[in-house]
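I opened the notebook to record what I looked up in this structure. The entries follow the order in which I checked things.

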Amino acid sequence: LAYAKAPEALKEAMNKNIGGRGGLASAFTSKSPALLQLVKSPVTGAENFLLVILQNIGDSSAPSRDLAVEVLHLYGKKKDPRFLIPVLGSLKRDEIIPLLPTLVKLPEPLYTQGIANIVSNSGDGLGDGFGMTAPEVLTSLHGIPLEPPYGNDPTGLKMKVVAEAINRVFKAGLKPLFPMEVLASALQQLVAQNPIPLLFMRTVILSLQSVPKLQNFVLDLLTKLVQREVWSMTDASGKTRLWDGFLRCIVSLSPASVPIILQMPAAQVEVVLKSNPAMKVSLVEYAGQAAVKSTLPYATVSLLGLDT
């Protein structure tokens with residue numbers, strides 16, 4: 001109460017001494033009755049005081065479940081996502097997912113800390129009922145509703161906002177939490193979804209750039225996309241963004257991707273050749289093998305000039 005009534009200059013001086021070792025915040029634990037009461041009935045003007053205490057607790061240990069629940073209720077009243085960041089790892093998955101659209105709009109430092117806190121309490125990757133595993137986080141980011149024309153939700157987010165949130169996963173602050181095996185697990189889950197998320201191919205390309213050793217795994221993903229006829233998949237506006245991303249990816253992986261290209265109908269092989277004429281040499285060389293040529297439809301053989 002004294003903090004709330006203090007002049008701003010005094011509050012600034014007090015803020016410097018609240019956090020850190022030996023500061024006032026260190027007198028509170030996540031189970032302190034006084035802290036729970038402060039969260040339940042916050043004093044107007046003392047918001048920064050409460051934030052510093054919560055951050056101090058979040059930095060030193062996993063916040064208690066009781067504290068996390070009370071902070072979630074506080075967020076419902078205050079609509080200030082800064083309160084959530086320290087306690088995210090002590091929330092359950094079905095409590096965190098609805099918060100993701102809010103988290104992705106935060107400045108990068110807060111977003112990075114929030115995602116790190118969510119993942120930090122997921123144990124050895126199997127989860128313990130609280131927080132989320134890194135693959136769950138990445139797949140859930142792709143599930144954030146998008147506004148038209150890319151999605152069907154009038155209250156959804158702009159695609160560029162969600163795309164930037166996914167970009168941040170590959171930056172230095174979060175990259176250690178999303179190593180090769182995490183990326184592979186998330187991509188495996190995403191490619192099995194129906195419909196496949198609009199930003200999936202973008203994430204495939206980012207993953208490959210981040211971890212080139214994923215090449216063989218990505219080639220397997222591209223094969224699955226051919227089996228699902230990726231060229232026929234459209235977004236809410238009718239555009240074939242997944243197909244466009246598929247083309248960029250499969251061309252970048254040539255010549256290793258040549259057998260996958262030849263699994264597609266001739267019309268789609270022709271699209272590849274029109275956008276990348278230089279690939280015809282590799283396609284003809286591979287398709288010209290007797291064992292391969294005999295398995296191809298006549299339209300593809302003719303397209304490649306191998307029908308004579």
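**Entry 1: the whole chain**

I noted at the start that this is a predicted model. I looked up the secondary structure and got 19 helices and 0 strands. The chain has 308 residues, and 47% of them count as buried. I then checked the accessible surface, which comes to about 15100 Å². Carbon and sulfur atoms hold 55% of that surface. I also looked at contacts between residues at least 6 apart in sequence. Of these, 63% join residues at least 24 apart.

**Entry 2: helix α14**

I went to α14, which covers residues 241–252 and has 12 residues. From first C-alpha to last, α14 reaches 17 Å. The expected span is 16 Å at 1.5 Å a residue, and the value for α14 is close to that.

Which residues of α14 are buried? I listed Leu242, Trp243, Gly245, Phe246, Leu247, Cys249 and Ile250. I then asked what the buried residues of α14 pack against. Two of the partners are α12 (200–210) and α13 (215–227). α15 (258–261) and α16 (266–275) are partners as well.

**Entry 3: α11 against α13**

I use two values for a helix pair, as two packed helices are described by the angle between their axes and the distance between the axes. For α11 (residues 180–191) and α13, the axes come within 11 Å. They cross at roughly 5°. Angles under 35 degrees count as roughly parallel, so α11 is roughly parallel to α13.

I wrote down the residues that meet here. From α11 they are Ala184, Leu187, Gln188 and Val191. From α13 they are Phe217, Leu221, Lys224 and Leu225. By class, the residues of this contact divide into 6 nonpolar, 1 polar and 1 charged.

**Entry 4: cis peptide bonds**

I looked at omega next. Asn194 and Pro195 are joined by a cis peptide bond, with omega about 5°. I placed Pro195 in the loop between α11 and α12.

Ser254 and Pro255 are also joined by a cis peptide bond, and here omega is about 10°. Pro255 sits in the loop between α14 and α15.

**Entry 5: positive phi**

I moved on to phi. Lys79 is not a glycine, yet its phi is positive, about 55°. I found Lys79 in the loop between α5 (65–78) and α6 (93–96). Is Lys79 buried or exposed? The cut-off for exposed is over 50%. The relative accessible area of Lys79 is 56%, so Lys79 is exposed.

Glu229 also has a positive phi of about 55° and is not a glycine. It lies in the loop between α13 and α14.

**Entry 6: Lys105**

My last stop was Lys105, in the loop between α7 (100–103) and α8 (108–120). Lys105 counts as exposed because its relative accessibility is 56%.

Which residues does Lys105 touch, leaving out those up to four places away in sequence? I found Leu157 and Val161. I also checked Lys105 against Ala165, which is 60 residues away along the chain. Their C-alpha atoms are separated by 8.0 Å.

Note on methods
Residues numbered from 1 in each chain as written. Predicted model: local features only at pLDDT ≥ 70, side-chain atom pairs only at ≥ 80, totals over all residues. Heavy atoms only, no water. Helix = DSSP H or I, 4+ residues; strand = E, 2+ residues; numbered from the N terminus. Buried < 20%, exposed > 50% of the residue type's maximum accessible area, 1.4 Å probe, protein only. Contact = heavy atoms within 4.5 Å. Expected span 1.5 Å × (residues − 1). Axes fitted to C-alpha atoms, helices over the stretch in contact; angles between N-to-C directions. Parallel < 35°, antiparallel > 145°, perpendicular 65-115°, else oblique. Nonpolar A, V, L, I, M, F, W, Y, C, P; charged D, E, K, R; others polar. Areas by Shrake-Rupley, 256 points an atom, 1.4 Å probe, with all protein chains shown as cover.
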